[in-house]
Amino acid sequence: MIKRIFSAVIILGLFIACSKSDDDDKVEEKIAPKEVSFDTNQNSTLMFQDDEALDVMTSEARIYSISQVIRVKPIDEKTIEVSNFAPFDIEDATILATIEGNAQVQLFKIKKIRAHATQTMKYPFVEGTSVFLDVENKKVDLSQYKTTGVATTKISFDFTGENETILKLKKLKALKWTIKYHNYDPNNDPNNNWMPTTAKDIRRFSGLMLNMGIVFVSDNFKQAFLNEQIIGNDGTTVLTLAEKEKAYNNILNHARFNCGKVDKVSGLGGGATLGYAEHILHDYISKDAGDITAHEIGHCIGFNHDSNMTYPKMINNVSVGISPVMSRINKEFFAGGLFIVNLQNYYKSSDFQ
Ligand SMILES: [Zn+2]
């Protein structure tokens, strides 16, 4: 460790000696985070493609948090898997790591990760430099982990960045949702309200959840919902502001959605179960489908059809409930270009043809 600091001082000295104008840049460059890309078939593979086995796509290993669509998962002490669960490319993301409760370090930078790309890599402190920067650009020495690596339970990850896409993704931090894709119809039974989930369904669903999530966390949705007259499960009781706040928080804090493809009806929801039909998975990206999407979320947090947390109620000739609120805010999001996923950034336009 002493030797390292000593050599850093020598390097600093050299730069001062040979160039006065951009010393700081050059010193920073020396300890800039490693930069990687997962943007080709050579440096990454793609999840949720048509030739992937359904039991892989619906496995527990593919569970992700909506607040961490760039998912970094320790495989062993020295290896991590980096995956993008969003259906669009993400550029210029910095991966942050917290090791054994110490300050976050900038572990590496992703110049570009393709939509639904995944790749394993060694920790940069195992293979490369031992000197990293924390989030305040102060140097951190991780040489103690070079040979041992880090126990998989002693490290956690986050991502950060400054572009518009990343700033939108960071707003989803308020959501506790974990997402697993699920096949509710393994035998293709024509007598139930499900159909076998396909890779294409999963790809589109991954965008639907992001777009629904960004509406729920928006101030506009929250205020409109808290101002709405909401009727409880008995069909008559008007929820108080505190009860509406509780319902709103229950949406944000819902821990799990097991997402699958619905048949015959437009949607199915309850507890962790969440399904949408073909027309919803097809339409959500270009037009408002809030009447169905919000209805099922109402079921997921425990409301029945007597409450307008599912079907709206006509009150003084106005349609009132969570669905009309969702539809109004969806329209604002379309008009303002505020959704995270759209037909321009979604990576397989044929999924919506
Ligand atoms: Zn219903």
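**The zinc site and a helix pair**

Modeller: In this predicted model, H305 is partly exposed, its relative accessible area being 43%. This histidine is one of the residues that coordinate the zinc ion: the donor atoms are NE2 of H295, NE2 of H299 and NE2 of H305, at 2.0 Å. Along the chain, the donors of the zinc ion are spaced as H-x3-H-x5-H. H295 belongs to helix α10, which covers residues 290-300, whereas H305 sits in the loop between α10 and β17 (313-315), so this pair ties together parts 10 residues apart in sequence. For H305, the corresponding value of 43% places the residue in the partly exposed class.

The helix pair is formed by α7 (residues 219-227) and α8 (residues 241-252), which pack with their axes 9 Å apart and at an angle of about 140°. That angle makes α7 oblique to α8, because the roughly antiparallel class requires an angle over 145 degrees. The crossing of these two helices, α7 and α8, is right-handed. On the α7 side, the contact involves F221, K222, F225, L226 and N227, and these meet L241, K244, E245, A247 and Y248 of α8. Sorted by class, the contact of α7 with α8 contains six nonpolar residues, one polar residue and three charged residues.

Terms used: Residues are numbered from 1 along each chain as its sequence is written. This is a predicted model: local features need pLDDT of at least 70, side-chain atom pairs count only at pLDDT 80 or more; totals for chains, interfaces and linings use all residues. Side-chain values use heavy atoms; hydrogens and water are left out. Donors are N, O and S atoms within 2.8 Å of the metal (3.2 Å for Na, K and Ca); water is not among the atoms, so sites may look incomplete. Helices (H or I, at least four residues) and strands (E, at least two) are DSSP runs, numbered from the N terminus. Buried means under 20% relative accessible area, exposed over 50%, partly exposed in between (1.4 Å probe, protein chains only). Axes are lines fitted to C-alpha atoms, for helices over the stretch in contact, and angles run from 0 to 180 degrees between N-to-C directions. Angles under 35 degrees count as roughly parallel, over 145 as roughly antiparallel, 65 to 115 as roughly perpendicular and the rest as oblique. A crossing is left-handed if the near helix is turned anticlockwise from the far one by less than a right angle, and right-handed if clockwise. Contact means heavy atoms within 4.5 Å. Ala, Val, Leu, Ile, Met, Phe, Trp, Tyr, Cys and Pro count as nonpolar, Asp, Glu, Lys and Arg as charged, and the others, Gly among them, as polar.
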